Amino acid sequence: MAPERMVDGPEGEGGTEDPGNLGGTPFALPELPARPLDAIDRDILQILQADGRASIRSVAERVHVSRANAYARINRLIDDGVIRGFGARVDHERAGQGASAYITLKIVQNSWRTVREQLRALPGAAHIALVSGDFDVLLLVHSADNRALRELVLTRLQAIPEVLSTRTLLVFEEDHLDPEP
């Protein structure tokens, strides 16, 4: 499946066009290595990270290039896999997910791909990383409350055969470090 491309909507408003890719799901990664980014590319990325709904016109004006140039650069960043998707930043507590936790997992050696697929299917899984150190995987989850979190850890995670152990770190407060517009 080809990555989606930015399109101009009414009155030059930027957006994305791919009804099968709702909810900020990642685009397919390219097969070729990405080209180096210049200062304009980095500025475009910063703008889109701060406001993924920024119009092509707005992006072009802010980085001092033509709309066509901004459009081409954004599409190249998508094609190269630098931009993996567009999505909303959610306040999980206001969305009914008042409990968050980082969960560390020790897994059976060479089982990362299998475990990763099972972790992706967990309700509330927000971030999964294979890491080095005292544990193998770092998982961020959001759940309705501590009861749901306990159920997720004790019933779902620990039932995965390749998971050897878990440690749950409750998040008491968090602050997202979004780039400045």
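Which residues does Leu119 touch, not counting residues up to four places away in sequence? The legends below take up this question after a note on the model.

This is a predicted model, in which local features need pLDDT of at least 70 and side-chain atom pairs count only at pLDDT 80 or more, while totals for chains, interfaces and linings use all residues. Residues are numbered from 1 along each chain as its sequence is written, and side-chain values use heavy atoms, with hydrogens and water left out.

View 1. With contact taken as heavy atoms within 4.5 Å, Leu119 touches Leu105, Ala125, Ile128, Val137, Leu139, Leu157 and Ile160, residues up to four places away in sequence not being counted.

View 2. Four strands form an open antiparallel sheet in the order E4-E5-E3-E6, where two strands pair if DSSP finds at least two bridges between them. Strand E4 (125-130) and strand E6 (163-171) each have a single partner strand, so one side of each is left without a neighbour in the sheet. Strand E3 (residues 99-107) pairs with E6 over 8 bridges, and Ala101 stands opposite Leu170 in E6. Helix H4 (residues 112-120) lies across E3, E4 and strand E5 (137-143) at about 170° to E4, whereas helix H5 (residues 146-157) lies across E3, E5 and E6 at about 15° to E3; axes are lines fitted to C-alpha atoms, for helices over the stretch in contact, and angles run from 0 to 180 degrees between N-to-C directions.

View 3. In helix H1 (residues 39-50), Asp41, Ile44, Leu45, Ile47, Leu48 and Ala50 are buried, and the buried residues of H1 pack against helix H2 (56-63) and helix H3 (67-79). Ser55, in the loop between H1 and H2, is buried, with a relative accessible area of 9%.

Technical notes
Helices (H or I, at least four residues) and strands (E, at least two) are DSSP runs, numbered from the N terminus. The expected span of a helix is 1.5 Å times one less than its number of residues. Buried means under 20% relative accessible area, exposed over 50%, partly exposed in between (1.4 Å probe, protein chains only).
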